[in-house]
Amino acid sequence: MEVVITVTDAADSATSVAFAKMLTASLSYRRIDSETLTSTQPQAILNLSSKEASGSDYVKDLTKISAEAQIHVDIQSFTNTESPTESFDFIVPQADAVIDESLASAVKETLDRYSDSTISKVPYNNLYPSTYAALVMRIPTIAIMVNVDSVNLYRAAADDLAEIVENYEE
């Protein structure tokens, strides 16, 4: 199995990158290959989680590394000042026809054991890598938004997410 991980806010958020590294380590421990694609530009310049990403080098790289992938994980961060998300440690974005509802529910239920998490309907234009992976590359997507103030929960969440990926069957 191979996993492609995207971190579209990497240039703005060290916490997203930290979570991606923890997830990569957890996948490696389970002998699951993964490749991580991070942004190099701040989202104020080029928002790679939106339709601005269309035709960019980022999407071209995503196409290349997704060729052998069986699943995609999209990581973004949020701050607890962004109402109404302020009380959550993790948000599992849900977009019809892009993110499988049962997969999103499994992620949320797992995270609920030790954190405050929620599933939130998110417009497609805020999940461009997930939309591209699901509709163009035809690979299932797990999207997760991590609270920058919940770093102490990242290791457990990364391990649990790796376990969900390991046990995933289409």
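## Basis of the values

The model is predicted: local features require pLDDT of at least 70 and side-chain atom pairs pLDDT 80 or more, while totals for chains, interfaces and linings use all residues. Residues are numbered from 1 along each chain as its sequence is written, and side-chain values use heavy atoms, with hydrogens and water left out.

## Salt bridges between separate elements

Five salt bridges are found in a search of the whole structure; the term denotes a side-chain nitrogen of Lys or Arg within 4 Å of a carboxyl oxygen of Asp or Glu. Side chains of opposite charge can pair when their charged atoms come close. Helices (DSSP H or I, at least four residues) and strands (E, at least two) are DSSP runs numbered from the N terminus.

One of the salt bridges joins Glu166 and Arg30, with an N to O distance of 3.3 Å. Glu166 belongs to helix 5 (residues 154-167) and Arg30 to the loop between helix 1 (14-29) and strand 2 (33-38), so this pair ties together parts that are 136 residues apart in sequence. Glu166 is partly exposed at 39% relative accessibility, and Arg30 is partly exposed at 22%; buried means under 20% relative accessible area, exposed over 50%, and partly exposed in between (1.4 Å probe, protein chains only).

Arg113 and Asp160 form another salt bridge, their closest N and O atoms lying 2.9 Å apart. Because Arg113 lies in the loop between helix 3 (101-111) and strand 5 (117-121) and Asp160 in helix 5, the pair ties together parts that are 47 residues apart in sequence. Arg113 is exposed, at 60% relative accessible area, whereas Asp160 is buried, at 12%.

Arg155 and Asp159 meet through their side chains in a salt bridge of 3.3 Å, N to O. Both residues lie in helix 5, four residues apart, which is about one turn of the helix. Arg155 is partly exposed at 38%, as is Asp159 at 27%.

## Packing of helix 3 on helix 5

The axes of helix 3 and helix 5 are 10 Å apart, at an angle of about 145°. Axes are lines fitted to C-alpha atoms, for helices over the stretch in contact, with angles from 0 to 180 degrees between N-to-C directions.

Helix 3 contributes Leu103, Ala106, Val107, Thr110 and Leu111 to the contact (heavy atoms within 4.5 Å), and helix 5 contributes Ala157, Asp160, Leu161 and Ile164.
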